[in-house]
Amino acid sequence: MRPDKTAVFHRNALVRWVLGGQLVLTAVLAGVAGLVFGTSAAVSLAVGGLIGFVGNLAYVWRAMRPENDPAQALKGQVVAEFYKFVVTVGLFVLVFVTSKNLAVVMLFVGFGTTFVVHWLAMLRRNQWIGEVGKS
């Protein structure tokens with residue numbers, strides 16, 4: 001069974017909201033960290049947020065492929081999680097190997113902010129599902 005166009009539009013709107021929100025929240029918090037703690041903290045927080053963002057982008061790239069078969073859809077989600085894990089771990093390894101002036105706590109704070117946006121998205125998702133039901 002194929003989802004109707006309204007449902008697909010709202011799902012894509014939610015994905016755009018999550019990814020955009022991750023970038024905006026990361027930028028705002030990096031700016032605050034820069035003002036309060038200095039440049040190293042700001043850059044570390046921004047890098048952590050970007051690691052989370054790129055990992056989620058890898059997930060979305062694979063997970064948003066339309067599948068008609070539920071088993072294939074589940075397999076796609078599992079593969080997408082694997083992509084996200086590999087990309088995220090690879091980026092953390094790259095950062096730890098190449099960075100000398102790294103504020104580790106701020107790096108993980110930046111990474112963690114990407115999860116906050118996911119939690120907020122669950123609230124937004126319920127609003128969008130209600131709108132789809134009204135269509």
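Val-24, Val-28, Val-32, Leu-35, Val-36 and Phe-37 together form a nonpolar surface patch of about 650 Å². The model is predicted. One member of the patch, Val-24, belongs to helix H1, which spans residues 5-37. The relative accessibility of Val-24 is 53%, so this residue counts as exposed; the cut-off for that class is over 50%.

Gln-22 is also placed in helix H1. Its setting was examined next. Gln-22 counts as buried because its relative accessibility is 1%, with the limit for burial set at under 20%. A polar atom of the Gln-22 side chain lies 3.2 Å from the backbone oxygen of Thr-114.

Helix H4 covers residues 104-134 and includes Gly-110. Gly-110 has a relative accessibility of 0% and therefore counts as buried. With residues up to four places away in sequence set aside, Gly-110 touches Leu-45, Gly-48 and Gly-49. Ala-46 was considered by C-alpha distance. Gly-110 and Ala-46 are 64 residues apart in sequence, yet their C-alpha atoms are 6.1 Å apart in space.

Within helix H1, then, Val-24 is exposed, whereas Gln-22 is buried. In helix H4, Gly-110 is likewise buried.

Note on methods:
Residues are numbered from 1 along each chain as its sequence is written. This is a predicted model: local features need pLDDT of at least 70, side-chain atom pairs count only at pLDDT 80 or more; totals for chains, interfaces and linings use all residues. Side-chain values use heavy atoms; hydrogens and water are left out. Patches are made of residues with over 30% relative accessible area and no salt bridge: like charges are joined within 9 Å, nonpolar side chains (Val, Leu, Ile, Met, Phe, Trp, Tyr) within 5 Å. Accessible areas come from the Shrake-Rupley method with a 1.4 Å probe; for residues, only the protein chains shown count as cover. A salt bridge is a side-chain nitrogen of Lys or Arg within 4 Å of a carboxyl oxygen of Asp or Glu. Helices (H or I, at least four residues) and strands (E, at least two) are DSSP runs, numbered from the N terminus. Buried means under 20% relative accessible area, exposed over 50%, partly exposed in between (1.4 Å probe, protein chains only). A polar contact is a pair of N or O atoms within 3.5 Å; within protein, one must be able to donate a hydrogen and the other to accept it, and residues adjacent in sequence count only if both atoms are side-chain atoms. Contact means heavy atoms within 4.5 Å.
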